[in-house]
Amino acid sequence: MKRIILITGGAGFIGSHVIRRFVRRYPEYTIVNADKLTYAGNLGNLSDIDREPNYHFRRVDIVDKQAVSALFGEFRFDGVIHLAAESHVDRSITSPDEFIYTNIIGTVNLLTAFRDTATERDVRKLFYHISTDEVYGSLEHGGFFTEQTPYDPRSPYSASKASSDHMARAFGNTYGLPFVISNCSNNYGPNQFPEKLIPLTINNIKTGKPIPVYGKGENIRDWLYVEDHASAIDVIFHAGKPGDTYNVGGDNEWKNIDLVRLLCKVMDEKLGRVTGSSEKLITYVTDRAGHDLRYAIDSSKLQKELGWRPSVTFEQGLRMTVDWYLSNEQWLETIISGAYSKYYQEMYGNR
Ligand code: NAD
Ligand code: TYD
């Protein structure tokens, strides 16, 4: 079946894996990647598929209503998979404004343009909004986030994402726009920007820099391999029930300090260093303001209703990720030069 699908934020970490999957698996689809190319967007992430005939890129800032409107005038989309966002909690703490513009206003611009162009006759039209488990707030030691957990966002990032989720539901309820939302746990894997915990740790071990662990390292995250998130997005886009929400997670909780120690062990092995040498780089630093203690996702609805399962274990995924970063030095060099080094300096000083 022919379709024209807009994927926003396709030059970023998760978006690039989603674009690759859709371009390769669905040659009958036209895939349009709309991305502003912020510091987090890198077209090099897509260099292996960017010449495919069913792939098109448009540089668009979703905050720019006219540019969004022009894009929806150029293509008659019957599906939108919306990933474009400001995504880093620490940046949202130092400068929340951009999160409000892109994550809230940008989402409303896309919802409006889709509402105004998708025709009544088009039974396949669907706005798929990609969100995070962080909208549910923070758990103590026990319990899981389900689709019924009340929203309780606690950082400017999660508040902006919660707001965009509400907007998608409001457009569904008020204007009858078919939508689906998924809320996923922390992703890891190739092409993740090295401001996030796992690639930052890998890079610092490689270069012998201190590994900054916030607070006591006791915070817990539920980690999912990025390609398993992309496969969940594929399943939900094609088989999810319009109006529904699906939680996506790896059933894979790690305390930050245990995760960092595991990475140290894997890196020592891969780099042929003496066991225990990377652990010496662990440095406890001032905690993140308002740091959520624990995220843990119950993804049983997605597993039972749509048959999705993660395909790799954490051990496998982490090793694939380390191998990727070690064999893609040029990618990392390009990313960490320029603006990122200024951010790193401001965030972590000269450590
Ligand atoms: P990312 O920061 O790696 O990529 C974001 C992409 O969006 C970049 O390519 C950037 O250029 C683009 N973008 C930013 N502002 C834009 C704008 N105004 N107009 C157009 N494009 C813009 O993010 P990610 O980690 O790949 O996350 C993608 C989505 O998944 C986000 O919506 C995020 O909230 C959600 N999510 C992420 C995680 C995670 O662990 N990374 C977990 C759950 C959900
Ligand atoms: P991060 O990768 O920023 O994802 P999120 O904040 O969306 O969960 O951080 C994951 C966890 O690691 C979080 O508890 C904060 C912690 N962390 C550190 O301890 N040190 C770091 O340098 C970073 C970036 C994160």
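Of the 29 residues around ligand 1, the ones that come nearest are Ile14, Asp35, Ser87, Tyr157 and Lys161. A residue counts as near a molecule if one of its heavy atoms lies within 4 Å of it. The model is predicted, so local features need pLDDT of at least 70 and side-chain atom pairs pLDDT 80 or more, while totals for chains, interfaces and linings use all residues. Residues are numbered from 1 along each chain as its sequence is written, chains are lettered from A and ligands numbered from 1 in the order in which they are written, and side-chain values use heavy atoms, without hydrogens and water.

**Ligand 1**

- The side chain of Asp35 has an N or O atom 2.6 Å from an oxygen atom of ligand 1.
- Leu83 places a backbone N or O atom 2.9 Å from an oxygen atom of ligand 1.
- Asn187 also places a backbone N or O atom 2.8 Å from an oxygen atom of ligand 1.
- On its own, ligand 1 has 840 Å² of accessible area, and the protein covers 97% of it. Such areas come from the Shrake-Rupley method with a 1.4 Å probe; for residues, only the protein chains shown count as cover.
- Two or more residues of the shell come from each of α1 (13-25), β5, α5 and β7. Helices (H or I, at least four residues) and strands (E, at least two) are DSSP runs, numbered from the N terminus.
- β5 gives the largest share, 3 residues.
- The shell holds 14 nonpolar, 11 polar and 4 charged residues. Here Ala, Val, Leu, Ile, Met, Phe, Trp, Tyr, Cys and Pro count as nonpolar, Asp, Glu, Lys and Arg as charged, and the others, Gly among them, as polar.

**Ligand 2**

- 18 residues surround ligand 2, and the closest are Glu134, Pro212, Arg221, Arg288 and His291.
- An N or O atom in the side chain of Arg288 is 2.5 Å from an oxygen atom of ligand 2.
- Tyr348 has a polar side-chain atom 2.8 Å from an oxygen atom of ligand 2.
- For Asn256, a polar side-chain atom lies 2.9 Å from an oxygen atom of ligand 2.
- The protein buries 97% of the 510 Å² that ligand 2 exposes when taken alone.
- α6 (197-207) and β8 (211-214) are the elements that give two or more residues to this shell. The largest share, 3 residues, comes from β8.
- By type, the shell around ligand 2 has 8 nonpolar, 5 polar and 5 charged residues.

**Aromatic rings**

- The structure holds 20 aromatic pairs. Rings of Phe, Tyr and Trp (its six-membered ring) pair if their centres lie within 6.5 Å; planes under 30 degrees apart count as stacked, over 60 as edge-to-face and the rest as tilted.
- The pair of Phe22 and Tyr26 is tilted, because the planes stand at 50 degrees, with the ring centres 5.4 Å apart. Both Phe22 and Tyr26 are buried. Buried means under 20% relative accessible area, exposed over 50%, and partly exposed in between (1.4 Å probe, protein chains only).
- Phe145 and Tyr295 form a tilted pair, 6.3 Å centre to centre with 40 degrees between the planes. This pair links distant parts of the chain, 150 residues apart: Phe145 is in the loop between β5 (126-132) and α5 (156-175), and Tyr295 is in the loop between β12 (282-285) and α9 (300-306). Phe145 and Tyr295 are both buried.
- Phe72, Phe75, Phe77, Phe114 and Phe127 are linked into a cluster by ring pairs.
- The charged end of Arg91 sits over the ring of Tyr39, 3.6 Å from its centre. Sitting over a ring means that NZ of Lys or CZ of Arg is within 6 Å of the ring centre and within 35 degrees of the ring normal.
- Arg115 has its charged end over the ring of Tyr175, 4.4 Å from the centre.

**Positive phi**

- Most residues other than glycine have a negative phi.
- Asn191 is not a glycine, yet has a positive phi of about 70 degrees. Asn191 lies in the loop between β7 (186-188) and α6, and is buried because its relative accessibility is 9%.
- Asp251 is not a glycine either, and has a positive phi of about 50 degrees. Asp251 is in the loop between β10 (245-248) and β11 (253-255), and is exposed at 65% relative accessible area.

**Two aspartates**

- Asp292 is in the loop between β12 and α9. Asp292 counts as buried because its relative accessibility is 5%. A polar contact of 2.7 Å joins the side chains of Asp292 and Tyr295. A polar contact is a pair of N or O atoms within 3.5 Å; within protein, one must be able to donate a hydrogen and the other to accept it, and residues adjacent in sequence count only if both atoms are side-chain atoms.
- Asp116 lies in helix α4 (residues 97-117) and counts as exposed at 52% relative accessibility. Its side chain makes a polar contact of 2.8 Å with the side chain of Arg115.
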